[in-house]
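Thank you all for coming; please have a look at the sequence and the structure on the screen, and then I will take you through them.

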Amino acid sequence: MILTKAQYDEIAQCLVSVPPTRQSLRKLKQRFPRYLNGVRKNGAAPVLLELANEVDYAPSLMARIILERFLQKHEEAPPSKSVINSMLRDPSQIPDGVLANQVYQCIVNDCCYGPLVDCIKHAIGHEHEVLLRDLLLEKNLSFLDEDQLRARGYDKTPDFILQVPVAVEGHIIHWIESKASFGDECSHHAYLHDQFWSYWNRFGPGLVIYWYGFIQELDCNRERGILLHACFPTDIVTLCHSVA
């Protein structure tokens, strides 16, 4: 889409003056109806993607907002979250072909959010869980995985519970959690609150492996029973070693 310098300056000035909220996006849409005008001229052009990039907003989140408004307008009722998620995962379900193409372009070009990124994260997470399982088997460590624990009635479990505890760097370990990500302050504190302390309370002290590293200062709960590592530990001490 081609704009004059005056049009661009007007939009840029307006963007600076409003917060990045849905209400602000509605106001911008009313004031600058570029998406509708753009797709009328060329439905195959990535109008929605370009608009998201220009306002510095995640393309998949922009697609979600437009899709919600479209469905609400045509169905005269707020669409359910499950319907929205299903259409974002498979845009061919969207009844409007032009909008379906716009949503698809947003999804495949978003490197941070959206169903495609979620699939990639899930695949990487599963890959590292398999890697951890293989390493445990290689060390002849007896364990129960998440599926086995849930079959026994546990609702919130780590990836692996060791049936016989081991020692790592002088600390007893009952469970191991695999995280195929980098451990920053925000994510680690959320994991502590939502997962790790619950595991500690139910199963005892454990080990968290951040396969892509972590902030060193976050490894401050060792004495309380949660260790952080960036790889599978090589200095595992088992009961057999202790007896010997």
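This is a predicted model: local features need pLDDT of at least 70, side-chain atom pairs count only at pLDDT 80 or more; totals for chains, interfaces and linings use all residues.

Helix 8 gives the most to the lining of the largest pocket, namely six residues, where helices (H or I, at least four residues) are DSSP runs, as are strands (E, at least two), and both are numbered from the N terminus. A pocket, on a 1 Å grid over the protein atoms alone, is an open set of points where a 1.4 Å probe fits, with protein on both sides within 12 Å along at least five of seven lines, and lining residues have an atom within 4 Å of a point. Residues are numbered from 1 along each chain as its sequence is written, and side-chain values use heavy atoms, with hydrogens and water left out.

Which elements each supply at least two residues of that lining? They are helix 8 (115-138), helix 9 (146-151), strand 3 (171-179) and helix 10 (185-203). The pocket has a volume of about 510 Å³, a volume being the space filled by probe spheres set on the grid points, which are joined across faces, edges and corners. Of its 21 lining residues, the closest to the centre are Gly-125, Glu-129, Ser-178, Lys-179 and Tyr-191.

Turning to another place, Asp-219 sits in the loop between strand 4 (206-210) and strand 5 (226-229), and from Asp-219 to His-229, ten residues apart in sequence, the C-alpha to C-alpha distance is 8.4 Å.
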